[in-house]
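Thanks for making time this morning. I have one structure to go through, and I will keep to a few parts of it.

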Amino acid sequence: MNKVKVMLAGIGGYGEGYVRRLFELDDKGKVSVEGLVEPFPQSCKLLGDIKARGWKIYNSLNDFYAEKTCELAVISTPIQFHTSMIMSALSHGSNVLCEKPLTGDVRDIEKLIEARDKAGKFVMIGYQWSHSDAILAMKRDVLAGVYGKPKYLKTLVLWPRAESYFKRGTGWAGKIKGSDGTLILDSVANNACAHYLHNIFFTIGDSIDTSLTPSSVKAALYRTNPIENFDTAIIDCGFDNGARSTFIASHSTEKNFEPIFNYSFENGTIEYSEGSGRVIVGTLSNGERREYGDPFADGYNKLNIAVDNVNSSEPFIPCGIETASAQVRCIAECAKLPIVDFPSERKHITASGLTYIEGLYDELLVKYNR
């Protein structure tokens, strides 16, 4: 099998994980890295190793495509660049694996679908859990009717983030719009914790590669840090199949609480928590127990799937444009709602630069456990 020609845009931050996986795939002879795109390469801690392999770094996507081509473009850049980079890669004949979310602008969805179909290439959106063996095994049982109809799906994740988190990169974190008017809608629900909101929609999609878009969205949105968008969210969704969901996430608690979920169905529940041993466990009404594994086992399995898809006559795309669009539409509804600033008397700032809200950690846990 021929090596897959790959280009990676974005090698700092989360992109470093892609670089490490590309090292592995390169060593195994599965890929040929045609180039990397990064205007600030010094941000990557692996720069020395990259240079040792002789991988060329380009300042822009246009610079890369002026000199090279690739079969797979991997895009790990800030949200505001996703649409334009996907469109550019498709126009140059590349398949695409782009980081989540698909876009900050719901109006981009249709033109991305049109560009993909015109190019005749695949586009994958890198929600980690949608490419997890554990999640996919769980979803296959849901689709098979093992648990019956979905009733109520809830999830909680509390990931405190200090001031440095909101000042990283080129100043897009926590932004609603870029300086050119491009919608970003970066928030706790659309970036760090986006996987867990999306997974609700993904779990109850009517096939292995679809999501169910909520028919109603209500949200309580709060802000602690000096940013444009919210950093704490309680998002309640309703669906045409009768299911409901609650997503709770915050960057403004004093303590960390890793993602958990409890999905209730007519004939049982599916849980992921400390109590389940940090593996996904389904429990049926008759007492039968099913284990699916840890959804965090391999966060970069999406790249393995994308590389294999290039040489496949029937690519497996668990999360494509349409599937990822459920999250985009939900966030677009949230963007219509007001953001409430937490009162200053509840704010505390630690030596590390974390601003947290006194009592919020316990309040959100109580909310989840109701």
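I will take a strand, then a helix, then a single side chain. Keep in mind that this is a predicted model.

Start with strand β1, residues 4–9. Five of its six residues are buried, so the strand is largely enclosed by the rest of the structure. What does β1 pair with? One partner is strand β2, residues 31–37, in the parallel sense over six bridges. Within that pairing, V4 stands opposite V31. To get from β1 to β2 the chain passes through helix α1, residues 15–27, and this β-α-β crossover is right-handed. β1 also pairs with strand β4, residues 72–75, again in the parallel sense, over four bridges. There, M7 has A73 as its bridge partner.

Next, helix α11, residues 360–369. Which of its residues are buried? They are L360, Y361, L364, L365 and Y368. Viewed down the helix axis, these buried residues fall within an arc of 135°, so they line one face of α11. The cover over them includes strands β7 (150–158), β9 (232–238), β10 (244–250), β11 (257–265) and β17 (355–357).

Last, the side chain of D141, which sits in helix α6, residues 133–143. Is D141 buried or exposed? Its relative accessible area is 16%, and because the cut-off for buried is under 20%, D141 counts as buried. Its side chain makes a polar contact of 2.9 Å with the side chain of R290. Leaving out residues up to four places away in sequence, D141 touches V146, Y147, R290 and Y292.

That is the end of my part.

Terms used
Residues numbered from 1 in each chain as written. Predicted model: local features only at pLDDT ≥ 70, side-chain atom pairs only at ≥ 80, totals over all residues. Heavy atoms only, no water. Helix = DSSP H or I, 4+ residues; strand = E, 2+ residues; numbered from the N terminus. Buried < 20%, exposed > 50% of the residue type's maximum accessible area, 1.4 Å probe, protein only. Polar contact = N/O pair within 3.5 Å; in protein donor to acceptor, adjacent residues only side chain to side chain. Contact = heavy atoms within 4.5 Å. Arc of directions from axis to C-beta. Pairing = 2+ DSSP bridges. Right-handed = clockwise from strand over helix to strand, strands pointing away.
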